[in-house]
Amino acid sequence: MDTKTELHPVTKEDRIDFLDILRGIAILFIYAANIVYFSGYFFFPPEAHIPATNLVTDNFVDFTAFTLIDGKFYSIFSLLFGIGCAIQFQNLNNNNKPFAPFFKRRMFWLLMFGLVHLVFIWLGDILTLYALLGFVLVWFVNCTNKQLINWAILLILFPIANWFVIHVANFNYPNYIFQLNTEYSKHFGFQMTEWQGKEFSDFQAYLKNDNMVEFFKMNVGNTFIRIGNILLEGRMFKVLGIFLIGLWTGRKILTEDLLNNIKFLKKVALYGICIGLPVSAFRSYIEFFSNQDLFWSFLNTLSYAFGTVPLAMGYTALLALMYKKKVKFLHWFAPVGKTALSNYIFQTFISITLFYGIGFNLAGKFGITVIMGITLLIFILQIFMSNWWLKHFRFGPLEWIWRQATYGKKIKLKKV
């Protein structure tokens with residue numbers, strides 16, 4: 001093949017620095033949301049904590065972290081996914097290359113990473129959902145900007161319709177998936193527990209398990225819980241909707257220099273935060289203080305739809321404005337953003353090592369303030385690791401494997 005017509009990864013010169021920074025920030029706060037589950041905080045009572053780790057700040061940190069973090073940063077990551085799609089689409093068009101075959105290969109290999117992560121290692125994986133929805137995203141790349149926004153709004157609000165289907169029409173289709181977990185777990189003799197009137201495999205026993213074979217077997221069953229929860233929340237609709245906003249944003253960045261449109265960024269930051277923050281705080285009140293009956297469940301779904309995405313967009317615009325003001329510490333996040341896939345998977349392995357029974361067995365031992373401190377320490381380690389790695393190598397280790405699989409050729413990893 002003529003080397004002039006070959007596909008190549010994006011070069012350093014073609015990267016948009018702010019997007020790497022934003023991706024690195026998203027990786028930090030996605031971990032801050034995930035570690036609540038990794039650490040067992042969500043599954044163990046306060047009595048299980050080491051007493052010294054129950055601090056007076058815990059209630060405040062718990063409520064504030066849920067309000068400011070939950071759902072917002074995987075929404076930003078979804079936005080970045082759509083922006084990346086727009087950039088790749090333009091690059092291929094500029095080189096007279098078909099977009100769909102390339103992007104489908106890219107999604108196929110992301111799906112392979114995601115399935116291994118989801119089925120065998122951790123049920124909270126987001127890569128599998130992103131990859132599957134990436135195949136759907138291909139259908140939208142030729143839509144007009146107006147069509148993208150209309151579809152995005154419809155999809156982001158569709159979890160409300162999903163709630164009515166499940167709770168009012170009484171067609172609880174996710175329950176069929178949850179039942180598979182129950183049957184699987186009983187078949188293998190796993191310890192069971194009841195949650196919201198349904199039997200599931202016991203997550204305390206899962207976290208405390210110290211047998212590696214049992215760990216993998218339990219993870220396979222937990223896959224059904226993940227799929228059921230995604231269907232129950234209607235998350236696939238919301239994520240695809242944000243992908244479309246990202247696709248629109250990517251076009252605007254490339255064709256209208258959106259990241260330099262200060263007036264627009266200020267408007268998004270103001271409206272996003274002013275709408276999203278109080279609605280998200282109301283959702284936290286529901287989560288922490290309501291009885292979670294049908295009425296409050298509906299309000300929870302409603303507040304998630306109207307609070308999470310606006311606040312995520314407000315954060316994004318505010319960070320873009322800070323970047324334009326040359327706030328220096330933002331650049332600390334860029335190396336992690338450039339190796340986001342590797343760092344995301346690294347967070348899983350280090351968390352399993354710290355908290356699970358097959359590791360140091362610290363699940364359920366810490367209050368939330370200490371857990372957030374652990375999050376920050378691990379992320380600082382990731383900053384140093386990513387900086388060191390990128391001094392010697394062109395891509396993160398998993399990014400390198402992903403690129404080689406996508407482009408179907410050997411790509412140089414080491415820097416000269």
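Apart from its neighbours within four places in sequence, Lys 324 is in contact with Leu 259, Asn 260 and Ile 262, where contact means heavy atoms within 4.5 Å. Between Lys 324 and Ile 262 there are 8.6 Å from C-alpha to C-alpha, and the two are 62 residues apart in sequence. Lys 324 belongs to helix H12; helices (H or I, at least four residues) and strands (E, at least two) are DSSP runs, numbered from the N terminus. Its relative accessible area of 34% makes Lys 324 partly exposed, on a scale where buried means under 20%, exposed over 50% and partly exposed in between (1.4 Å probe, protein chains only).

This is a predicted model, in which local features need pLDDT of at least 70 and side-chain atom pairs count only at pLDDT 80 or more, while totals for chains, interfaces and linings use all residues. Residues are numbered from 1 along each chain as its sequence is written, and side-chain values use heavy atoms, with hydrogens and water left out. The average pLDDT of the chain is 94, and 96% of the residues score at least 70; pLDDT is the predictor's confidence in each residue, from 0 to 100. Over residues 1-5 pLDDT stays under 50, and the model has three contacts for them beyond four places in sequence.

Most residues other than glycine have a negative phi. Lys 326, not a glycine, has a positive phi of about 60°. Lys 326 sits in the loop between helix H12 (294-324) and helix H13 (334-338), and it counts as exposed because its relative accessibility is 68%. Asn 170 likewise has a positive phi, near 60°. The loop that holds Asn 170 runs between helix H6 (145-167) and helix H7 (174-187). With 64% relative accessibility, Asn 170 counts as exposed.

Among the residues buried in H4 are Phe 99, Phe 102, Phe 103, Arg 106, Met 107, Gly 114 and His 117. Helix H4 (residues 99-121) has 23 residues and should span 33 Å at 1.5 Å a residue; its end C-alpha atoms are 32 Å apart, which agrees. The expected span is 1.5 Å times one less than the number of residues.

What of the cysteines? A search of the whole structure finds zero disulfides, a disulfide being a pair of cysteine sulfur atoms within 2.5 Å. For Cys 143, the closest cysteine sulfur is that of Cys 85, 11 Å away and so too far for a bond. Cys 143 counts as buried, since its relative accessibility is 15%.

The chain as a whole has 16 helices and two strands. Of its 416 residues, 52% count as buried. A compact globule with 416 residues would have a radius of gyration near 22 Å, and the chain has 22 Å, which agrees; the radius is taken over C-alpha atoms, and the globule rule is 2.2 Å times the number of residues to the power 0.38. Along the principal axes, the C-alpha atoms fill a box of roughly 60 × 45 × 40 Å. Of the contacts in the chain with a separation of 6 or more, 78% come from residues 24 or more positions apart.
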